[in-house]
Every structure is written in structure tokens, then in C-alpha cells.
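Student: I've just opened this one and I'm new to it. Can you walk me through how the chains fit together?

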2 protein chains.
Amino acid sequence: MPSTPNYPARAATLHDVARLADVSLITASRALRTPHVVSEKTRARVQQAVDATGYIPNLLAGGLKSRRSFVVAGLVPEISVAQFLPTVAALTTTLAQAGYQLMLGQTGYDHGREEALVNAMIGRRPDGVVVTGLVHTAAARTRLARAGIPVVETWDLSGDPLDMLVGFSHEAVGAAIAQHLYDCGRRRVAIATGNDHRAALRRRGFEQAWMRLTGASNASSNASSSALPVAWVPAPSNLGLGRRALVELLARHAGIDAVYCSSDQLAHGVLTEAQSRGLRVPEDLAICGFGDADFAAHTYPALTTVQIDSVGIGRRAAELVIARCDGTNTRGTVVDTGFRVVQRETT
Amino acid sequence: MPSTPNYPARAATLHDVARLADVSLITASRALRTPHVVSEKTRARVQQAVDATGYIPNLLAGGLKSRRSFVVAGLVPEISVAQFLPTVAALTTTLAQAGYQLMLGQTGYDHGREEALVNAMIGRRPDGVVVTGLVHTAAARTRLARAGIPVVETWDLSGDPLDMLVGFSHEAVGAAIAQHLYDCGRRRVAIATGNDHRAALRRRGFEQAWMRLTGASNASSNASSSALPVAWVPAPSNLGLGRRALVELLARHAGIDAVYCSSDQLAHGVLTEAQSRGLRVPEDLAICGFGDADFAAHTYPALTTVQIDSVGIGRRAAELVIARCDGTNTRGTVVDTGFRVVQRETT
DNA sequence: CTGTTAGCGCATTCAC
DNA sequence: GTGAATGCGCTAACAG
């Protein structure tokens, strides 16, 4: 007799449960899925058999017939992007509460794996798809449209959505920050920004608003050129890139008095570099970030930033997918989750 | 004629492809799965039918027969824990390269959802399970053992693993940090630590080594009491909690000259609080973190910490699961990924 | 190289 | 309230 536990080689099936409870297959199924239509006695016998066998329903098999997988695909550019984390966490939690699981995939910031990932996901027949960001490649958009399942794009409000959209206007965020720095009396502003799509929208909103505020005539809506000093860093941005960005800005543009950063991580780096050079913040240099990361309120001095409802985006996206799966028509729904400039000590 | 694209209501099946290509079902299947056993001509006809119908194989249906889902379950305490992010990212990438997808779930730091999550995952019949951390509850351990699939626990080396293990010794990490601070000439050390399992192991390793080094006799291996000043913070730790921890330590224990922190986020907070009080780092206070986060090399002054192969853990875990699914026996494998104290400027 | 048969484990549809 | 038959979409096993 072996000392290691000896479990049955094959997992118990509903068939095993039914036989042990001496009922038919379908009665066992009903006892578990719709208990109220089964007599109490039968229900108890089935439950006993379930406990005895350690039966766990095979959702794959059931889903084949009912065409429901109770799986939702989640697409992120890269998992190690702090900004999306609360969204993914809320998504996971909200879905789990409704019996769904999240299947997570990385598209890559360059969209290189987007189409392949969408195909791989569709092959698993998810009941819905949530994307942090927009679906960029035409092939992926077509695939998703043809799949006939609810799709929620998030963290954006622009463009023409594939189906549903939960986010906010990045251009409005940029404009609000410009207004804030202007109101603080800054006139020689610079930008440190990641090179991703959403950061570019914020930068454009910032520049256009700035030109309007300062009455400059050479407003540039061209994405490749800029009227203001800009340091670009590769996405995803971090503290180290922020330091490097400020080094670059100060070297090329003496006398700047404020920096808008496309993420709080970047802003924290700019703050750090400023301090290492003996610059006073905000007296010599004002700094504004984006995202209201968990550390933003606790830097020294505390970081002015833009608060985003990252958790709410995940929750709303999950709710929309679930509602649609339950038969409610949410097609085309667009939710603006808004934003708020949070002034702290760096401006 | 409607202006919106009108896709077939039902997704194409292999049946549709076979009929269009005028071959049998199984031939169509083989043309896609094992092309080399099918004539070139047939293969081309099938491929043409696939393109025409936009067919995407239903892996759920195939998996029912072949007992392979090509899905691996990933269990994390909470997604928003920066420490595990590189592991999860590497896991996802390595699995995707081999045709697997990651199904992600959150157990909660208190293990409250661990059993329910394991049951939900098992119901989807994953080909393997990777856990960041150990499986703590007995019920979950039993379920996983009975499922008969490869399980990799990670980020630890202690205890008795369910199956496979990829990690490092947290007690050895604690001891190494104690040695480092001792070598730096510090004698009045304190600890700022999260209240999770792994952080507790590091603290114990630290304290035991410290007692040995300083020749103190009241070494306490008791988890609830401590011979050194300790500030506990709830997991997951962050910068704000680090500031609060230093406030608490300085209030209760005047004259400490070094703080070991259970995460770099915590250490960054301690550093920030020290600077806000005009303490010089490392002259007045040495600080050591853990994890070598992306920002650690770029704080001012740069943070001394412990480098962990977070990416390697994810990659190795994925490789072990994949190998086992491919028939290689990796049962019981234990991989020590090691660690390295990285001295920078805060010690 | 290609086809036929028989399920995988369960839910749907109809009968009793 | 319960049950028998049928099939979801695909692949393993065996024939040709």
C-alpha cells in the first residue's frame, strides 16, 4: 500500500456522480445547475455523490453545447504597466463575482502581437473581450467584429469604437493640465512624454490649449513636430526615464519653469533629477504627472497629477460585458469616466 | 442592402471548411494540425476554404477529446503587486510562444478566495497551474493534487511543495542583508516589513543572522515577537506605507542607523521620509530594500537592494509546465533562482 | 495519404 | 419531477 495519496487517474464526471446517486445524467445535472426543479431528496443524494467523488463540473464540455465559456479575454499592451493594473484587478474581481474568469494576453506596445493574440483568444471562444486601449490593427478589428461577442475598448474616448467604450478624453486631460500650469503662472513649459498613442493625444491636447492660452500662432497639430520642448521616452515609462528626460530638456532648453509628464512614474523621475541638481520644486520647476499612482500623494514634495478612475474603468467594462452576456443590449454604449486635476505641492 | 457588414450569424466550423474543400472532416483537421501528413494539393484546398470562411478552430471542442486545453491557470495574491509583475509577464510570454494562454485569478493576500478560485480554475480544465507564492489552504492543496495536472509554486523555496517549485530562500535573503548592514558598520538596525508570509521569512532570517553577528543571546525565532525594532505594514506595501513606517520607527526607537525594508516601494518611502526630515542618507540612516524594482537604481541616492530573477521565475515555471504537458517528467523539480545583494548609495 | 466510426462531458429538446 | 435521445465541434483509433 503506497504512502502517497492515490487519487483516481481520471477526474470524476457527471456520469460517475449520477451512477453513484442512482439517478440519470440529466437529473444530476439539474440538481447542480437548477436545484429548485429537483426534489429535495434527490438533490441531497446527488450532493452526497458529488462530495464523495470530488466532482468538479467540466465547464468546457457544458460550454460546448450551451455556447458559453464564462471566460472573458483581457488584452493589455504589457502587463508590467502600472497604469492599467487597477483596471485589470477590478476587471478580474468583478468578472469573478459573476462566475467569469479572465484570460490575459499581451499585445505589445507596437501592436506586433495584436492580431495573433486576438486569433489565439477567439479560438478559446471567450464570451467577451476587454481591451485596455483601442484595437489598432485592421485585421484584429475585423476578427473581433466577426466573432460576434461583446467587445469593450477602454482608456480612451476617441476614434470610432468597435463596439463599447469606457474611458475619458486624453486631449481634455492635456488641455486641463495646460490650463493648470498657466494658472500657476508658468510660461516656459516643457513636456516629458511616452511615445504611445494615448500619451500622444494628451500631448496634443496640451499643446493646442497652450497655444490658445498664450496666443501663439504657430499651433501645431502635427504629431511629429511640436511647438514646445518635448523629451520622448519609450513606453512604458518609468522613474529612470524621467530623470533622463529632464537631463535632456535642461540641456536643450535652458530656463524652463514647468514640466508636464505623461505618467506619474516619469514625473517622479523628473522630480528626483531636479532634486539631485539642487533645483527647488516647485519654486524653480513645477511638475505635473498623470494617473495619480499610489505613491503620488506621498512623494516629497507631493506630486500634482491627474486622477483617473482606473478601477471604475475595469468594473464598468466587466459590467457591460456581463450584461450583454445576460441578454441586455449594451451595444454601442460609451461611458466617460472623467478625470480630475489634483493639485498637490509640485505646482 | 444594409451598410453595416453582415457576417454569418454562426462562426464557421471545421465542417464548413471540409465541405467547401470537398474533403472529409478529419482530412481538414489534419491539414491544419499535422500538415505534413496531407498531400500538398489537399492542404492548399483546405487552406483556401479556411481563408474563405474565416475559420478559427474551436480549441474548446478539440480539447474535449484530446484532453488538452492549452490554458494554464495563474494564481496571484493581488494583481497590483509590482513584485510579481515581471513573473506574470514572463509567464504569459513564454506560454504564448508555446501556444498556451494564461488564465489569471486573484487569491487575496488573506487566502480568502484561494479555494474558490482553485475550484473555478479546475472547472476550466487547465493543463497546468502556476502560483506566485505557495498554496496555503489545505482544501486548495487537495483539489490541486487530485486534479492530476502539473503545479508550480514560485517565489519560495521552503515548506513542502505540492509538486514543483521555482524560487529562492527568503531566510537566506534576510541573512545576507543583515550581513551587509553589519559589514557597513551599522549596529542599530530596524525593520520595516509587510505582513505577508514571504516578508516574514525574510525578517526571521534577518533577525537570526543579526543575533548571530552581534552575539546577542535573546535570539527570537518566535514569529510574533521580535528582538529588533519592527514596523509592520499591511501587504501590499507601497511608498506611503514606507513613510509611515519610518515615522513610527523614529518615534519609538531613537538612534537607529539603518532600516531593512521588505520591498523597494517601502524603502523608497523610508528614503522619502528621511529626506523630508533632513536626515542624510546613508550618513545618518542606511536603507536597504528588496526586489530591485525598475526605479531602484535611479532614486537619489540610488537604492541598495536585493536583486531577484523575477522574469526567470516566470520563464522557468512556464517551461516546467510546458515540458510536463509535452510528456517530460518534471515532477518534483525544485529550482533555486538565487539572489544578489546590489550595493548602491543608500548603504 | 484519406476516410469511417465513435466518442470527449455535458446541456438541450422533447417525452413521460 | 424525471428520463432518453441527440448533438455541440472536434480528434483518437482504426481501416482502407
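Predicted model: local features only at pLDDT ≥ 70, side-chain atom pairs only at ≥ 80, totals over all residues.

Student: What makes β2(A) and strand β2 of chain B a pair, then?

Tutor: Those two strands share three bridges, and the rule asks for at least two, so they count as paired. The pairing runs in the antiparallel sense. Within it, Leu104(A) stands opposite Leu102(B) in β2(B).

Student: How many residues of chain A are in contact with chain B?

Tutor: 51 residues of chain A are in contact with 51 residues of chain B. "In contact" here takes C-beta atoms, placed from the backbone, within 7 Å.

Student: Which element gives the most to that side of chain A?

Tutor: That's α5(A), with seven residues. Other elements that each supply at least two include α4 (59-66), β2 (101-106) and α11 (264-276) of chain A. By kind, the residues on that side of chain A divide into 24 nonpolar, 21 polar and six charged.

Student: Why is the relation between chain A and chain B that of a two-fold axis?

Tutor: Chain A superposes on chain B by a rotation of 180° with 0.0 Å of shift along its axis, at an RMSD of 0.2 Å. That is the relation of a two-fold axis. In chain A, the C-alpha nearest the axis belongs to Met103(A), 2.2 Å away from it.

Student: How do you know that the same surface serves both copies?

Tutor: Look at the contact residues: 100% of those in chain A recur in chain B.

Conventions:
Residues numbered from 1 in each chain as written. Chains lettered and ligands numbered in written order. Contact = placed C-beta atoms within 7 Å. Helix = DSSP H or I, 4+ residues; strand = E, 2+ residues; numbered from the N terminus. Nonpolar A, V, L, I, M, F, W, Y, C, P; charged D, E, K, R; others polar. Least-squares fit on C-alpha atoms with pLDDT ≥ 70 in both.
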